[in-house]
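My notes follow, in the order I looked things up.

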Amino acid sequence: QVQLVESGGGLVQAGGSLRLSCAASGRTFSSAAMGWFRQAPGKEREFVAAITWSDVITYYADSVKGRFTISRDSAKNTVYLQMNSLKPEDTAVYYCAAGDLLTVQESHYYLWGQGTQVTVSS
């Protein structure tokens, strides 16, 4: 019954920032971990970042490490992705997903949002 809804995407100039949100609605959420993935036009979907709900363990793709920060608010069943120093190569549809463990493997994520577009202009 739970649905994941991403928001916060938009158009931003290179070097700018955006904050994406992923809200779970419908009922109390209890996945082990949440992940952010992205898919650029003509490219395969790739892992961006993930976080656990319990002890707040995080993991980042090398391409975004130091620029993006994943966080969560358990009381609001919401996960965030703060994106700083954005580059044109960050342009993609960003998806949040619920998984059974913290991993980069898509096969462990069983519930996905519909995505939010992020476009970074040069």
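Ground rule for pairing: I count two strands as paired if DSSP finds at least two bridges between them. Helices (H or I, at least four residues) and strands (E, at least two) are DSSP runs, numbered from the N terminus.

Housekeeping: this is a predicted model, where local features need pLDDT of at least 70, side-chain atom pairs count only at pLDDT 80 or more, and totals for chains, interfaces and linings use all residues. Residues are numbered from 1 along each chain as its sequence is written, and side-chain values use heavy atoms, with hydrogens and water left out.

Entry 1, strand 8. I started with residues 78-83, which make up strand 8.

Entry 2, its partners. Strand 3 (residues 18-25) pairs with strand 8 in the antiparallel sense over 6 bridges. I found S21 bridged to Y80, and L20 opposite L81.

Which order do the 4 strands take? I read 1-3-8-7, an open sheet with antiparallel pairing. Strand 1 (3-7) and strand 7 each have a single partner strand, so one side of each is left without a neighbour in the sheet. Neighbouring strands are turned by 15° against each other on average, direction ignored; axes are lines fitted to C-alpha atoms, for helices over the stretch in contact, and angles run from 0 to 180 degrees between N-to-C directions.

Terms used: Buried means under 20% relative accessible area, exposed over 50%, partly exposed in between (1.4 Å probe, protein chains only).
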